[in-house]
Amino acid sequence: MDVLTALLLVHLIPVSTPKNGMSSKSRKRIMPDPVTEPPVTDPVYEALLYCNIPSVAERSMEGHAPHHFKLVSVHVFIRHGDRYPLYVIPKTKRPEIDCTLVANRKPYHPKLEAFVSHMSKGSGASFESPLNSLPLYPNHPLCEMGELTQTGVVQHLQNGQLLRDIYLKKHKLLPNDWSADQLYLETTGKSRTLQSGLALLYGFLPDFDWKKIYFRHQPSALFCSGSCYCPVRNQYLEKEQRRQYLLRLKNSQLEKTYGEMAKIVDVPTKQLRAANPIDSMLCHFCHNVSFPCTRNGCVDMEHFKVIKTHQIEDERERREKKLYLGYSVLGAHPILNQTIGRMQRATEGRKEELFALYSAHDVTLSPVLSALGLSEARFPRFAARLIFELWQDREKPSEHSVRILYNGVDVTFHTSFCQDHHKRSPKPMCPLENLVRFVKRDMFVALGGSGTNYYDACHREEF
Ligand SMILES: *[C@@H]1O[C@H](CO)[C@@H](O)[C@H](O)[C@H]1NC(C)=O
Ligand SMILES: *[C@@H]1O[C@H](CO)[C@@H](O)[C@H](O)[C@H]1NC(C)=O
């Protein structure tokens with residue numbers, strides 16, 4: 001199958017069925033289901049999920065709670081939306097994708113023009129340095145490397161609107177006279193994360209007033225702020241990279257594919273592999289732009305499938321070997337710790353930071369998912385969202401509970417801190433204490449050492 005056929009298949013499905021042509025059941029699932037999931041993962045199906053091509057409004061499980069529960073605060077982690085590749089395939093023309101935002105090009109969102117017009121008026125002093133130097137929306141007729149595309153903006157306008165309908169209209173998370181300190185906004189220093197955050201907020205907020213927006217800058221993709229120094233985490237990462245390398249060497253089909261592609265573009269195989277061609281190929285795939293050709297032939301769908309299949313196998317082995325889990329526990333602890341701190345302050349009745357948004361990367365969300373025990377969750381697609389909701393039981397006001405949602409799917413009872421809790425309790429949520437105990441202490445148990453806090457686990461000698 002070529003790119004076009006794959007994409008056409010997607011669009012042959014009637015509009016009333018959910019996007020990407022899968023049944024609503026399979027589309028909503030993030031955990032593989034042995035009954036309905038194809039036994040061999042289909043690389044094209046996985047790639048389409050990854051593209052996350054905007055279409056009809058999706059249904060989601062955010063905000064679902066019994067009537068006597070009150071929504072206290074919401075903590076949203078997003079991956080930036082669809083972007084131009086970070087790498088080029090050597091000696092080929094890069095895909096011609098237009099990163100300006102225009103109404104008569106698909107995908108479209110009703111708020112797109114208003115977003116551009118609002119952003120083009122400038123931001124005043126809404127950002128911590130050095131975010132001020134970044135453009136507020138994508139605007140290059142030929143995308144720059146890593147630039148957010150119109151698809152990426154639309155994905156986050158949609159995310160924002162969905163969250164607004166649920167959290168603001170239905171659950172009244174923010175009062176009518178909400179102010180800047182009720183939001184906590186943080187982004188890495190890339191234009192695509194800042195712009196994704198702005199698009200989401202533009203879809204989310206009832207009035208996007210620059211005076212009420214303040215984005216903090218996060219220098220680390222792990223969002224580890226002042227607690228980034230952790231030698232053991234780096235050791236896990238090195239071992240994990242070694243595992244990746246060995247798995248790749250074992251895959252002769254993959255090596256053959258890289259060899260063929262290297263011949264087509266006429267560079268040494270090593271150089272081609274170092275250029276991480278899958279990143280660029282995914283852009284071709286998601287945008288229905290045919291793969292590059294040279295005098296020697298074309299990169300094609302079979303190459304794409306082999307590399308994508310290897311990625312899936314790599315993720316499978318990664319789960320089994322647990323080195324990435326070690327990296328993730330230590331990598332995600334600081335941001336999880338910060339989140340429970342924010343939740344605990346909200347339970348004390350503080351009215352600040354009711355809505356927190358972290359605009360981030362796949363390398364941010366992936367460790368958080370893994371650390372929470374959601375190792376079966378799919379790799380973060382473009383504009384992926386991971387949400388922590390904090391609820392209060394009005395009938396027992398001292399009791400607070402959390403729900404965890406990944407791309408709209410309730411995964412609370414798949415987390416390691418709340419597995420099977422619902423079998424013992426009638427509540428459709430997890431006690432906040434479970435999450436707190438997990439982050440403060442239990443998450444380090446997965447590392448198998450004696451450390452029961454971040455500092456000890458990061459400096460373990462015996463590792
Ligand atoms: C993909 O692009 C081709 C033109 O190159 C077009 O005919 C086709 O309709 C496009 N497919 C989709 C799904 O947009
Ligand atoms: C965890 O959060 C508390 C505040 O809530 C802070 O005092 C502590 O330093 C944090 N620990 C780490 C390792 O980030």
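A polar contact here is a pair of N or O atoms within 3.5 Å; within protein, one must be able to donate a hydrogen and the other to accept it, and residues adjacent in sequence count only if both atoms are side-chain atoms. This is a predicted model, in which local features need pLDDT of at least 70 and side-chain atom pairs count only at pLDDT 80 or more, while totals for chains, interfaces and linings use all residues. Residues are numbered from 1 along each chain as its sequence is written, chains are lettered from A and ligands numbered from 1 in the order in which they are written, and side-chain values use heavy atoms, with hydrogens and water left out.

**Stop 1: threonine 100 and its loop**

Select threonine 100, in the loop between strand E1 (69–79) and helix H4 (112–119). Helices (H or I, at least four residues) and strands (E, at least two) are DSSP runs, numbered from the N terminus. Leaving aside residues up to four places away in sequence, threonine 100 touches Arg105, Pro138, Asn139, His140, Pro141 and Gln150. Contact means heavy atoms within 4.5 Å.

Proline 107 lies in the loop between E1 and H4. The peptide bond joining lysine 106 to proline 107 is cis, with omega about -5°. Another cis bond joins serine 129 and proline 130, with omega about 5°; proline 130 is in the loop between H4 and helix H5 (150–170).

Now pick lysine 91, in the loop between E1 and H4. Lysine 91 is not a glycine, yet its phi is positive, about 55°.

**Stop 2: the two domains**

Colour domain 1 (61–224 + 324–459) and domain 2 (232–321) separately; the bounds come from an automatic or database domain assignment. Their centres, taken over C-alpha atoms, are 29 Å apart. The contact takes 30 residues from domain 1 and 26 residues from domain 2.

How much area do domain 1 and domain 2 bury between them? The figure is about 2,500 Å², 65% of it on carbon and sulfur atoms. Buried area is the accessible area (1.4 Å probe) that two parts lose on being put together, summed over both.

Three salt bridges cross this interface, a salt bridge being a side-chain nitrogen of Lys or Arg within 4 Å of a carboxyl oxygen of Asp or Glu. Select lysine 91 again, with aspartate 266: the two form a salt bridge, and their closest N and O atoms are 4.0 Å apart.

On the side of domain 1 that touches domain 2, helix H12 (323–347) and helix H16 (454–458) are the elements giving two or more residues. H12 provides the largest share, five residues.

**Stop 3: ligand 2**

Which residues surround ligand 2? They are Ser227, His333, Asn337 and Tyr454, where near means that one of a residue's heavy atoms lies within 4 Å. An oxygen atom of ligand 2 is 3.4 Å from a polar side-chain atom of serine 227. For asparagine 337, a side-chain N or O atom is 2.4 Å from an oxygen atom of ligand 2.

**Stop 4**

The structure holds 27 salt bridges. To see one, select arginine 243 and glutamate 317, whose side chains meet at 2.7 Å, N to O. Arginine 243 lies in helix H7 (residues 231–250) and glutamate 317 in helix H11 (residues 301–321), so the pair ties together parts that are 74 residues apart in sequence.
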